[in-house]
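Please read this briefing alongside the sequence and the coordinates.

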Amino acid sequence: IKYVDFETFQQWNTIHYEKAQASVDRREERVNQACDIIETDLTPLGTTGISDKLQDQATETITDLRKAGIRFWMLTGDQWDTAIQVAQTCSLLSPNKIIIKGNDPVHILNCFRSIRFNKQQQNIENTEQENLVGQPLCLPRPLTVLISGSTFSTAIDSPLVKDDLKNLLTYADTVICSRTAPAQKMKIVNFAKKPVVLSIGDGGNDVPMIQSAHIGVGIEGKEGKQASMAADFVIVKFSHLKRLLLWHGHHSLRRISLVILFSIQRYRQ
């Protein structure tokens with residue numbers, strides 16, 4: 001809050017705000033600049049906090065699916081620290097971590113050089129070693145890779161590091177990607193579309209990601225129905241994903257296999 005006398009307000013309104021409102025080009029930008037002039041030296045009246053809790057049995061579901069050999073990529077719009085805390089709560093964070101930061105392709109390339117020369121290193125720093133692109137990775141397992149959305153976009157758009165990035169992320173057991181926009185989520189899913197990718201989300205910002213994957217699963221709940229309407233399968237709780245994949249998925253594969261064998265047998269007759 002800020003108390004402003006009438007004369008100061010009239011002066012600001014005449015000199016800055018009215019001129020910004022009458023601008024033909026870049027009107028919104030000029031209005032924001034005019035507001036920034038008067039919105040200074042404010043006194044806070046209070047703060048608010050939002051508690052984003054995980055659903056029941058989410059951690060147990062992820063643990064069981066990882067035991068089944070399914071690899072998890074967590075794409076979130078949260079900040080770096082928040083993403084790490086959520087991943088730790090979900091048991092997605094492994095003791096062996098590789099952190100990749102930066103928006104310079106050359107720096108990212110040097111990060112991959114560091115990975116190949118120092119297999120046990122956790123926080124990747126700049127180095128001037130020789131590039132070993134194409135050689136197989138031999139890193140400790142289980143492995144978690146932490147990367148930001150902007151770094152990912154820079155890496156996949158650069159031919160210098162695109163192949164190294166794909167080798168590292170497909171080698172990792174879990175990938176944590178923070179500060180990702182809906183378009184970046186879709187780009188990441190298309191990047192990882194081999195062999196089969198399942199995307200699951202509960203909000204409207206997850207729709208591009210769900211539609212880009214081979215299998216899209218939407219969670220219908222407090223975030224609305226946008227994700228569920230764009231998905232192939234709809235569940236109410238995240239824990240239902242375990243039954244969908246490990247029970248129905250297993251028996252669906254078995255039934256399809258029996259139908260194929262039956263068709264081949266009939267064709268031979």
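The second largest pocket has a volume of about 150 Å³. Here a pocket is an open set of points on a 1 Å grid over the protein atoms alone, where a 1.4 Å probe fits and protein lies on both sides within 12 Å along at least five of seven lines; the points are joined across faces, edges and corners, and the volume is the space filled by probe spheres set on them. The model is predicted, and local features need pLDDT of at least 70 and side-chain atom pairs count only at pLDDT 80 or more, while totals for chains, interfaces and linings use all residues. Residues are numbered from 1 along each chain as its sequence is written, and side-chain values use heavy atoms, with hydrogens and water left out.

**Lining of the second largest pocket**

- The residues that line this pocket, meaning those with an atom within 4 Å of a point, are Leu198, Ile215, Val217, Phe233, Leu244, Leu245, His248, Gly249 and Ser252.
- Two or more of the lining residues come from each of strand 6 (215–219) and helix 11 (240–268), where helices (H or I, at least four residues) and strands (E, at least two) are DSSP runs numbered from the N terminus.
- Helix 11 makes the greatest contribution to the lining, with 5 residues.
- By class, the lining holds 6 nonpolar, 3 polar and no charged residues, with Ala, Val, Leu, Ile, Met, Phe, Trp, Tyr, Cys and Pro counted as nonpolar, Asp, Glu, Lys and Arg as charged, and the others, Gly among them, as polar.

**The chain as a whole**

- The protein chain has 11 helices and 7 strands, and 35% of its 269 residues count as buried, that is, under 20% relative accessible area, with exposed meaning over 50% and partly exposed in between (1.4 Å probe, protein chains only).
- Among contacts with a separation of 6 or more in the protein chain, 57% are between residues 24 or more positions apart, a contact being heavy atoms within 4.5 Å.
- The accessible surface of the chain, from the Shrake-Rupley method with a 1.4 Å probe, comes to about 17,200 Å², and 52% of this belongs to carbon and sulfur atoms.

**Annotated region**

- UniProt, in an unreviewed entry, lists residues 229–264 for "domain: P-type ATPase C-terminal"; such annotations may be inferred rather than shown by experiment.
- Over residues 229–264 the chain is 75% helix and 8% strand, with the end C-alpha atoms 37 Å apart.

- Arg26, which is not a glycine, has a positive phi of about 50 degrees, and its place is in the loop between helix 1 (6–21) and helix 2 (27–38).
- Asp41, also a residue other than glycine, has a positive phi near 55 degrees; Asp41 lies in the loop between helix 2 and helix 3 (58–67) and is exposed, with a relative accessible area of 70%.

**Residues within helices**

- Ser212 lies in helix 9 (residues 207–212) and counts as buried at 9% relative accessibility; leaving aside neighbours within four places in sequence, Ser212 is in contact with Met186, Val189, Asn190 and Lys193.
- Tyr171 lies in helix 7 (residues 162–171) and counts as buried at 18% relative accessibility, while the C-alpha atoms of Tyr171 and Val145, 26 residues apart along the chain, are separated by 9.6 Å.
- Asn32 lies in helix 2 and counts as partly exposed at 42% relative accessibility; Asn32 and Ala20, 12 residues apart in sequence, are 8.7 Å apart in space, C-alpha to C-alpha.
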